[in-house]
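Colleague: I'm still new to reading models like this one. Could you pick a single part, take a close look at it, and then show me how it connects to what surrounds it?

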Amino acid sequence: ALGWVVVAAYAALLVATALTTPADRRPATGSGSDTAESALIEAWARSRTGTFVTTGTFERRSDVTGASIASEDVLAQRPPRRLHSQMGGVEGRDDERLLVCPAPPPDSEPEPCRYGPAGGPTYAEATERELAGLRSLVGGTDPLYGVTVDDAGCFHLELRRSDPRATFGQAAELCFDDETGALVRREVHHEGGIVEVLEVDEVRADVSDADLAP
């Protein structure tokens, strides 16, 4: 309705401060981490290697026009399998094969889900590439993002300069579940007043084959 195409890559990554994280899912900064940057990388790695199902709401809105679109957001993960449903579409991975179920146009039947060819990067390899990309954004002597951690353990990222690699927009907040490592809150502020918010309402650690079926 707004002409936006939302692609969930969990780089897809992704701070209406009035919303808060429930106390029983308070995020962790990662044990043994001596900086906010290393703690974020540790938390992100755990969120990609944990086993869980999360259910919540994803919203994309314009603070300029007031327009918004929203949908249920469900992520089932049991490495090396992962399935993410959002905005009528599904994307996932079965180790070295990618899975895509495109969101259908309005008033149209959904297209069948399609697995990509085998022989691509494994789940572990794809995760390590993702972590290497994150390290390049927040690490080094001149990081693209500054990272801080608040008293609740949520990470706050602030863009330091314009760059096409700015995955987290102008500013972002990321919160992770202490028990499972799942991402339970993500808010990203993009240029032009566009805000994306993921708020998870439920996390469970048991994942069935049915949860991973597209």
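Modeller: Let's begin with a word you'll need: buried means under 20% relative accessible area, while exposed means over 50% and partly exposed is in between (1.4 Å probe, protein chains only). Helices (H or I, at least four residues) and strands (E, at least two) are DSSP runs, numbered from the N terminus. With that, our part is strand β10: 6 of its 7 residues are buried, so the rest of the structure largely encloses it.

A quick word on the ground rules. This is a predicted model, in which local features need pLDDT of at least 70 and side-chain atom pairs count only at pLDDT 80 or more, though totals for chains, interfaces and linings use all residues. Residues are numbered from 1 along each chain as its sequence is written, and side-chain values use heavy atoms, leaving out hydrogens and water.

Now for β10's partners (two strands pair if DSSP finds at least two bridges between them). On one side, β9 and β10 pair in the antiparallel sense over 6 bridges. On the other, 5 bridges join β10 to β11, again antiparallel. R186 is a handy residue to look at: it stands opposite L174, and it also stands opposite L198 in β11. Next to it, E187 has V197 in β11 as its bridge partner.

Look at the turns, too. The hairpin of β9 and β10 has 6 residues between the strands, and there G181 takes a positive phi near 85°. In the hairpin of β10 and β11, with 4 residues between the strands, G192 takes a positive phi near 90°.

Zoom out, and 11 strands form an open sheet in the order β6-β5-β4-β3-β2-β1-β11-β10-β9-β8-β7, with antiparallel pairing. β6 (114-115) and β7 stand at the edges with a single partner strand each, so one side of each has no neighbour in the sheet.

What sits against the sheet? α1 packs on it, touching β1 (52-62), β2 (68-78), β3, β7, β8, β9 and our β10, and the direction of α1 makes about 60° with that of β9. Contact here means heavy atoms within 4.5 Å, and axes are lines fitted to C-alpha atoms, for helices over the stretch in contact, with angles from 0 to 180 degrees between N-to-C directions. The other helix, α2, lies across β2, β3, β4, β7 and β8, running at about 100° to β7.

Next, the core (a nonpolar core is a set of buried Ala, Val, Leu, Ile, Met, Phe, Trp, Tyr and Cys residues joined through side-chain atoms within 4.5 Å). The largest one has 27 residues, and L40, V138, F155, L157 and L174 have the most contacts inside it. Elements giving it two or more residues include β10 (183-189), β9 (171-176), β11 (194-204), α1 (36-49) and α2 (123-138). The largest share, 6 residues, comes from α1. Not counting residues up to four places away in sequence, L157 touches, among others, L40, V138, F168 and L174.

Finally, the aromatic rings. Rings of Phe, Tyr and Trp (its six-membered ring) pair if their centres lie within 6.5 Å; planes under 30 degrees apart count as stacked, over 60 as edge-to-face and the rest as tilted. By this rule there are 4 aromatic pairs. W44 and F168 have ring centres 6.5 Å apart and planes at 90°, so they are edge-to-face. W44 is in helix α1 and F168 in the loop between β8 and β9, 124 residues apart. W44 is buried at 2% relative accessible area, and F168 is buried at 0%. W44 and F176 are edge-to-face too, because their centres are 6.1 Å apart and their planes at 85°. F176 lies in strand β9, so this pair ties α1 to a part 132 residues away in sequence. Altogether, W44, Y145, F155, F168 and F176 form one aromatic cluster.
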